[in-house]
Each structure stands twice: as C-alpha cells, then as structure tokens.
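Biologist: I have a model open and would like to go through it with you. Can we start with the inside and work outwards?
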Amino acid sequence: MNARVFGALLLRDVTVARRELFSFLLRTGLQPLLFVTVFGFLMPRMNLIPRNYSTLVIPGVVALSVSMAAIQSVALPIVADFGFTKEIEDRLLAPISTTLVAVEKIVAGMIQAVVAAAFVLPMARLIMGPISGLTFAHAGLLVLILLLGGAACSALGLWLGTSLQPQQIGMMMSVVFVPMVMFGCAYYPWRGLSVAPVLQYAVLINPLVYISEGLRAAMTPNVPHMPIAAILGALVLLTALFTALGLRSFWKRAIG
C-alpha cells in the first residue's frame, strides 16, 4: 500500500513537472547557459580568458543547474502548499505516513535535477564547441554524483521550503542562492581557495562544492579536484543532515 501511494504521489509530481517543462528548463537552465555563452564562448574568443577555461567550468555549470533545479523544485511548491491555499492537506490525508510524503518530495526534486543536467550539459557543449579533456568514460560516477547531488539539494530545498513563509522567498534567493553559487566552486576549483584557507574550509557546508568537484572528477578528470571518496562521503552526510532537518521542519508545519 505504501509503495503504491508513494508511486502515485511521485507520478503526480512528475506529471505536473512535465506539463511545465518549458518553464522549468527556462528557470533552471537560463543562468548556467548565459554564463556559458559569456565565459565559455565569447570571452575566450576575445582572448580575455584562456580558452581552456571551458574545461574547468563545464562541470560547474552542470552542477549549478542540478542544485538550482533540486532546491527550487522542492522549496517553491512546498512554500505554496503550506501557504494560504493549504494544498498540502490533500497529501497529508493520503494513506501514507507524513515522513514518506516528505521523502517523496525529495525524490521528485532529485529526478528534476537529473533532467536539468541532461538539458544543460549538451546545450553547454553545443555553445562552447570542442572542450579539451572532456570525457564520459566515467559515466557511472557521473550518474552517481548527479543522484547524490540532487538528493542533497532536494533535501535542502525541503528544509528551506518548510522553514520559510511565502513573503520570504525573495530572501531565499538573495541570502541562500547567491552565496551558495558564488562559493560553490562552480567557476573555480576548490583547491584554488587555498589562497584563503579560512574560506576554503568554510565552504565545505555547501553541497554545490561537492557536486562541482564530483562532476570534475567524472567529466574532466585531468583537472585538479577533491578525492572521490571525500566527495561521495560528504554528499551522503549532507543528504542525511538536510533530510533530518527537512523532515523535522516538515512535521512541525504539518501538525501546526
């Protein structure tokens, strides 16, 4: 029974996302692709930055799309569902535990994160042209990083969505997203932060750091990156942490 209800809830979210696919891809893919156009296509051809910068940045751009898609696809609907319309009550009345209702949101966000990556990666490759060092020989690691990264950011989205009020959405964009993107090692390798040691270790709470470094290990292994074991371990720990925080916050809002 739990499996059937969980599957029905997941199918509903996937169907809604499919109907809004264009707006979803526009929302999650526009910023990464604009960055690719400027820093991966225009500026190298203007000789303002090295041409091999595209090798460094393409994993970060995909990581950025994964994190944005996962967080937004969970946090924004959750804020609306717990808002004035109280649409979440329909889910809570389903013959399934409240915990599984919340977990379903995380799984739906993870799926949408993978879809965003599958859209941004070929588009970025098309815009930038041939990329030195780019390989898909480690496809298994690539998929694993996408799934773990999507799960971590979806769980973060659950926590944020159940902690914020509708009028605080703008604050989430400025206080959470902007620092997360700027210090997520999407545009530079984590080892480069050795010039600021305090900052280098402060950013380790940011899941985008591990997604970016993990995708570099999978897609451009010749670029310096964190050890793969450290990346995978950190993503698992952050997923567990954000899931625990998100479930606790979800329970409080559900029974409040």
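Biologist: Which residues of the largest nonpolar core touch the most other members?
Modeller: In this predicted model, they are Ile 58, Ile 71, Leu 158, Tyr 187, Ile 211, Leu 215 and Met 219, out of 74 residues in that core. A nonpolar core is a set of buried Ala, Val, Leu, Ile, Met, Phe, Trp, Tyr and Cys residues joined through side-chain atoms within 4.5 Å. Buried means under 20% relative accessible area, exposed means over 50%, and partly exposed is in between, with a 1.4 Å probe and protein chains only.

Biologist: Which helices each supply at least two residues of this core?
Modeller: Helix 1 (2-19), helix 2, helix 3 (53-81), helix 5 (98-128), helix 6 (139-163), helix 7 (169-182), helix 9 and helix 10 do. Helix 3 gives the largest share, 15 residues. Helices here are DSSP runs of H or I with at least four residues, strands are runs of E with at least two, and both are numbered from the N terminus.

Biologist: What are the ground rules for the numbers?
Modeller: Residues are numbered from 1 along each chain as its sequence is written, and side-chain values use heavy atoms, with hydrogens and water left out. Since the model is predicted, local features need pLDDT of at least 70 and side-chain atom pairs count only at pLDDT 80 or more, while totals for chains, interfaces and linings use all residues.

Biologist: What is the mean pLDDT of the protein chain?
Modeller: The mean is 87, and 95% of the residues reach 70 or more. pLDDT is the predictor's confidence in each residue, from 0 to 100.

Biologist: Where is confidence lowest, and where is it highest?
Modeller: Helix 4 (residues 88-92) has the lowest mean, 66, and helix 9 (residues 207-219) has the highest, 96. Where pLDDT is low, the predicted coordinates should not be read in detail.

Biologist: New topic. How many salt bridges does the structure hold?
Modeller: Two. A salt bridge is a side-chain nitrogen of Lys or Arg within 4 Å of a carboxyl oxygen of Asp or Glu. Side chains of opposite charge can pair when their charged atoms come close.

Biologist: Which residue pairs with Arg 216?
Modeller: Glu 213 does, with the closest N and O atoms 2.9 Å apart. The two residues are three apart in helix 9, so about one helical turn separates Arg 216 and Glu 213. Both are buried.

Biologist: And what does Arg 12 pair with?
Modeller: Arg 12 bridges to Asp 13, where the closest N and O atoms are 3.7 Å apart. Arg 12 is partly exposed because its relative accessibility is 44%, whereas Asp 13 is buried at 11%.

Biologist: Where does Cys 185 lie?
Modeller: Cys 185 is in the loop between helix 7 and helix 8 (197-202). Although Cys 185 is not a glycine, its phi is positive, about 60°.
Biologist: What about Asn 47, what is its phi?
Modeller: Asn 47 has a positive phi of about 60° and is not a glycine. This residue is in the loop between helix 2 and helix 3, and Asn 47 counts as exposed because its relative accessibility is 63%.

Biologist: Now the outside. Which residues form a nonpolar patch on the surface?
Modeller: Val 38, Phe 41, Leu 42, Met 46 and Leu 48, with about 430 Å² of accessible area together. Patch members have over 30% relative accessible area and no salt bridge; like charges are joined within 9 Å, and nonpolar side chains (Val, Leu, Ile, Met, Phe, Trp, Tyr) within 5 Å. The areas come from the Shrake-Rupley method with a 1.4 Å probe, and for residues only the protein chains shown count as cover.

Biologist: Where is Val 38 found?
Modeller: Val 38 is in helix 2 (residues 21-45). At 34% relative accessibility, Val 38 is partly exposed.
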